[in-house]
Amino acid sequence: MKVLNESIIKARLSKLLKTRKMGKSIYVFNELDSTQDYANSLPKNESFHGTIVIARKQNIGKGRMGRNWISPEGGLWMSIILIPDFSVDNIIFTQFIGALAVADAIFENTKICCKLMWPNDVLINEKKVCGILIDVHVENETKKIVMGIGLNANIASSLINDYLTSHDLKATTLKEEHGNEVDLLFLVKSILERIEYYYDNFISCGNTSEIIDRWKEKSDMLGKKATVHDGNQMIVGHIFDIDQTGALLMKLSDTSIKKITYYDNVTLH
Ligand code: BTN
């Protein structure tokens, strides 16, 4: 997206997209504090299902657990608005959908096979290349989900080194792993098309098995030892499955089972 101005990016993207709803309303910025904040604060009459907000760089990118997200030029920083007509209990599946869509899009554009780490990190060679942040707004009967996608695309990994020091997981970039720069507009196109595919399937058949099975195929967490940080407590066990609600299941040494939800902080050993 480098040398193009905002309106050209918008026009090119609109032309490329073969989606029904994703990306039909597009906001593009050279620079923004956070696409997530922007999408979160869009009023109801501008928050259509599939609306996207993209920035070439973010000044105050937001990560999960109140962390910041380093977002220099060259990365793909995008927030997508979804207006779900399912119960908020199922919202965890939008995280799986985001991670699966990004993994598919990376494969489509680079032939690199990513692994997924619960709930929604996308990894290459055990290093994080993309994180997804979900914000949920519920007001009376109206729900709005903002799915933020932070994909370290055409960035030198030295630029995100700060990230490495403050997290358990190491970070990488697509450029580093692929060796070449990737066309960001094609990445956006693939991601949106895959989100639409998974989302529509999920909505139309209402069953979570396809998403869970696909997620399990792409995850290498099952069977691994992990620690959950539960307040001041650290609980250690082995991850053995994901249940139908999307929670991760961990077996403890006394054979009891701990359910891990989206808001828990899990570290793999
Ligand atoms: C994570 O911590 O793993 C989630 C990172 C999500 C970052 C993205 S970048 C686009 C969107 N805007 C933000 O401020 N955050 C999300």
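Helices (H or I, at least four residues) and strands (E, at least two) are runs assigned by DSSP and numbered from the N terminus. The structure described here is a predicted model, in which local features need pLDDT of at least 70 and side-chain atom pairs count only at pLDDT 80 or more, while totals for chains, interfaces and linings use all residues. Residues are numbered from 1 along each chain as its sequence is written, and side-chain values use heavy atoms, with hydrogens and water left out.

**The ligand and its shell**

| Residue | Protein atom | Ligand atom | Distance |
|---|---|---|---|
| T35 | side-chain N or O | nitrogen | 3.0 Å |
| Q58 | side-chain N or O | nitrogen | 2.9 Å |
| K62 | backbone N or O | oxygen | 2.7 Å |

Taken alone, the ligand exposes 420 Å², of which the protein buries 99%, with accessible areas coming from the Shrake-Rupley method with a 1.4 Å probe.

**A residue in helix α3**

T94 is found in helix α3, which covers residues 92-110. T94 counts as buried because its relative accessibility is 1%, buried meaning under 20% relative accessible area with a 1.4 Å probe and protein chains only. The side chain of T94 reaches the backbone oxygen of I91 at 2.5 Å. Leaving aside neighbours within four places in sequence, T94 is in contact (heavy atoms within 4.5 Å) with L82, F86, I134, I145, M147 and Y199.

**The nonpolar cores**

A nonpolar core is a set of buried Ala, Val, Leu, Ile, Met, Phe, Trp, Tyr and Cys residues joined through side-chain atoms within 4.5 Å. The largest such core has 70 residues, of which M78, I80, W118 and I149 touch the most other members. Helix α3 provides the largest share of this core, 11 residues. Apart from it lies another core, of eight residues, among them Y27, L32, A39 and A55.

Terms used:
Polar contact = N/O pair within 3.5 Å; in protein donor to acceptor, adjacent residues only side chain to side chain. Buried < 20%, exposed > 50% of the residue type's maximum accessible area, 1.4 Å probe, protein only.
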